[in-house]
Amino acid sequence: MKIAVCIKRTPDSESRFKIAASSAAIDEAGLKFDIDDFASYAVEVALQLNEKQGPGETVVYAVGPDVVQETLRKAMSMGADRAVQLKTDAVPYDGLAVAKALAAELESGGYDLVLFGKHAFDTSAGIVGTATAELLGVPCVTAASKLDIAGGKGTARRELEGAAEIVEFPLPAVVTIDEGIARPRYPSLKGIMAAKKKPLETKPAQLGPVRVTVKSMELPAERAPGRIIGEGAAAVPELVRLLQTEAKVL
Amino acid sequence: MLDFYNIDSLLSEEECAIRDSVRQFVDERVLPIIGKCFVDGRFPKEIIPEMAELGVFGANLPEEYGCAGLSNVAYGLINQELERGDSGVRSFASVQSSLAMYPIYAFGSDEQKQKYLPRMAKAEVIGCFGLTEPDYGSNPSGMITMAREHKDGTWILNGGKMWITNGSTAHIAVVWAKTNGDTSDKSIRGFIVPTDSTGFQAKDQKGKLSLRASDTSELVFQDVELPADAILPRSGGLKSPLMCLTQARYGISWGAIGAAMACFEEALEYAKNRIMFDRPIAGFQIQQERLADMLTEIVKAQLVSLHLGRLKDAGTFTPQQVSLAKRNNVSMATDVAREARRLLGANGILAEYASMRHMENLESVYTYEGTHDVHSLVLGQAITGLSAFK
Ligand SMILES: Cc1cc2nc3c(=O)[nH]c(=O)nc-3n(C[C@H](O)[C@H](O)[C@H](O)COP(=O)(O)OP(=O)(O)OC[C@H]3O[C@@H](n4cnc5c(N)ncnc54)[C@H](O)[C@@H]3O)c2cc1C
């Protein structure tokens, strides 16, 4: 199968974030960037599908400046066969603009399947995958927690509140991947060496118009320090009173 | 870890990627379980397959044997990251790579290499290295383990080894023995001894207060019959096992940095968050000096090992240079671990924190692979031309 996986480079989710001087972005100084978690699940799914189904090709795409080459190289060290960078100075916030660049490139690629993470950690918008499907005119399944392909058809499982659904769709298709579907493999040391020799192509990104931008960002308010109001059963009446009058949760 | 001296700029992109991949593995697979493994006195065997998949075993040996064919600097960084987890985990990998695979690679026949190395890279075959004996530690040339050759070229092995890492886990032991009644160290040869051979016994060494998450065993050989192809044909004299130790010690010089980094990071985090006298203890001069000393020593050690690795890659390094790095870096790490433990106050004695575990582990590392003192003598001889050994 020919599978494309579109991956984003995002900061490590366990970083301590600060807002940049512009107040409309996070301060990137000192942050460690890597392949987005959801995108890494998508890469793993693609690799497993091609390993199971025999000869195929897994191609990874990223839109962005040259730093995304490191992210693409990581996906290749996990096992992707080749990579394409759609070069821009910066990744626009507007997901549709990014989807236009990807769709323009993927259209002629002859892919059976195009995978995305269900959303990227940095924006949590989840637009690029669905918009790309729409632009390509192919079916789209979002947030798949299981994916099987057989006889030119796909079956995906989606987790709902208190239930799950199994959906069917013809190929080619776009599927966005939920966490937990498959544990992403560590890039093996051999894989890292092999990735050096795999092709990484760079082309200008044909972005769509950018219509949505971030105006400002806010961090959650600092939590007030805790307070000890007493110990054991004797403290319960006071606790109940404060939960009612101060915290207003009872 | 704070890269205060921008040492990453001296590494290639692949070297950084290799370090990061092993780092992620250690963060996710080793750190969550290792404190309990240490307390329980158990080596976490369950992580072996994934380590093999990553490709850490024999990582600097050639690809034709199923290994990753990495540079020695990359190999060093792997050791650093593994020991950032635990010295026991790094010991497992060092023994498999430098003390079991390397002698087969360096002294084995083509058949032996083909037979063992690819399976050892996958950890389907686990090895150990038997040199030390109960009465011959720093002075292995005195060993009494003896192999005698039968007329048909097969061998019979008698004797015993002590303090053998992976001894009870291993499928094969690379055993160093004198041969055919000759008690000089020139007769020492290496043998590949399957651990299921009749007369081979491995006994777990109980009561360790260090390297508790590592298998350390005593080996006994009682009339162990070995086939003719058990001998490593190109091994000869004490020099052969010492060559293996040079490989392993090189990696240990990096590993010790990893343990020190873990302790430094833990101490720094703790110092920033522990409030005493109404402010973080990191704000007090004594703790700042502690942290400054730790970081300074770590940076120096990193530069020593990195340069040594480049020399090794260029093929120009000497065993004496390795002695300097092992001696300095392990001693540095024991100091850093102890200072970190102290900075943590009472919490520092808990297995929930890493510093005391590293501190205890590093006492083994200080002693094995040539004690600190023995490396002083090696350096002393290199400096003065006078041997203090004889
Ligand atoms: C956890 C652990 C794992 C090990 N794993 C292995 C393994 O896998 N394979 C293996 O073969 N061995 C292994 N060893 C053994 C290790 O290599 C030896 O313990 C080491 O070589 C020291 O020998 P020894 O313990 O007999 O100490 P000794 O040689 O008895 O030394 C005792 C003390 O005397 C000092 N000393 C010795 N000679 C001199 C001298 N000439 N001048 C001044 N001081 C001197 C030493 O520095 C030390 O302080 C392991 C040890 C440990 C603790």
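Visitor: Hi! In chain B, which hand does the crossing of helix 1 and helix 3 have?
Guide: Helix 1 of chain B crosses helix 3 of chain B in a right-handed way. Keep in mind that this is a predicted model.

Visitor: And what angle and axis distance go with that pair, helix 1 and helix 3 of chain B?
Guide: The angle is about 20°, and the axes lie 8 Å apart. An angle under 35 degrees counts as roughly parallel, so that is how helix 1 and helix 3 of chain B run relative to each other.

Visitor: Which residues of helix 1 meet helix 3 there?
Guide: From helix 1 of chain B, the list includes B:Ile18, B:Val22, B:Val26, B:Val30 and B:Ile34. Across from them, helix 3 of chain B brings residues including B:Val73, B:Leu77, B:Ile78 and B:Leu82. By class, this contact has eleven nonpolar, one polar and five charged residues. Among the charged ones are B:Glu15, B:Arg19 and B:Arg23 on helix 1 and B:Glu81 on helix 3.

Visitor: Nice. How do helix 6 and helix 7 of chain B pack?
Guide: Helix 6 of chain B meets helix 7 (residues 285–314) of chain B at about 155°, with axes 10 Å apart. The cut-off for roughly antiparallel is over 145 degrees, so helix 6 and helix 7 of chain B are roughly antiparallel. Their crossing is left-handed.

Visitor: What residues make the contact between those two?
Guide: Helix 6 of chain B contributes B:Trp254, B:Ile257, B:Ala260 and B:Phe264, among others. Helix 7 of chain B answers with residues including B:Leu291, B:Met294, B:Ile298 and B:Leu308. The contact divides into 15 nonpolar, four polar and one charged residue.

Visitor: Switching to the core: which residues of the largest nonpolar core touch the most other members?
Guide: They are A:Val5, A:Ala42, A:Val43, A:Val60, A:Leu115, B:Phe191 and B:Ala260, in a core of 176 residues. Helix 6 (residues 239–273) of chain B gives the largest share of this core, with 17 residues.

Visitor: What does B:Phe191 touch?
Guide: Setting aside residues up to four places away in sequence, B:Phe191 touches B:Ala147, B:Trp155, B:Leu157, B:Val175, B:Ala177, B:Leu226, B:Ala230, B:Ile231 and B:Leu232.

Visitor: How about B:Gly190, buried or exposed?
Guide: B:Gly190 is buried, because it has 28 C-beta neighbours inside 10 Å and the cut-off is 20 or more. B:Gly190 belongs to strand 5 (residues 189–194) of chain B. Its C-alpha is 5.6 Å from that of B:Val175, which is 15 residues away in sequence. Beyond four places in sequence, its contacts include B:Pro103, B:Phe107, B:Trp176 and B:Ser240.

Visitor: Over to chain A. How many helices and strands does chain A have?
Guide: Chain A has six helices and eleven strands. Of its 250 residues, 40% count as buried.

Visitor: Which residues of helix 4 of chain A are buried?
Guide: In helix 4 (residues 128–136) of chain A, these are A:Val128, A:Gly129, A:Ala131, A:Thr132, A:Ala133 and A:Leu136. Their cover includes strand 1, helix 3, strand 6, strand 7 and strand 10 of chain A. After helix 4 of chain A comes A:Gly137, with a positive phi near 70°.

Visitor: Last one: how many residues does each chain put into the contact between chain A and chain B?
Guide: Chain B gives 14 residues and chain A gives ten. Helix 1 of chain B gives the most to the chain B side, with six residues. That side has eight nonpolar, four polar and two charged residues.

Technical notes: Residues are numbered from 1 along each chain as its sequence is written. Chains are lettered from A and ligands numbered from 1 in the order in which they are written. This is a predicted model: local features need pLDDT of at least 70, side-chain atom pairs count only at pLDDT 80 or more; totals for chains, interfaces and linings use all residues. A nonpolar core is a set of buried Ala, Val, Leu, Ile, Met, Phe, Trp, Tyr and Cys residues joined through C-beta atoms within 7 Å. A residue is buried if 20 or more other C-beta atoms lie within 10 Å of its own, exposed if 12 or fewer, and partly exposed in between; C-beta atoms are placed from the backbone. Helices (H or I, at least four residues) and strands (E, at least two) are DSSP runs, numbered from the N terminus. Two residues are in contact if their C-beta atoms, placed from the backbone, lie within 7 Å. Axes are lines fitted to C-alpha atoms, for helices over the stretch in contact, and angles run from 0 to 180 degrees between N-to-C directions. Angles under 35 degrees count as roughly parallel, over 145 as roughly antiparallel, 65 to 115 as roughly perpendicular and the rest as oblique. A crossing is left-handed if the near helix is turned anticlockwise from the far one by less than a right angle, and right-handed if clockwise.
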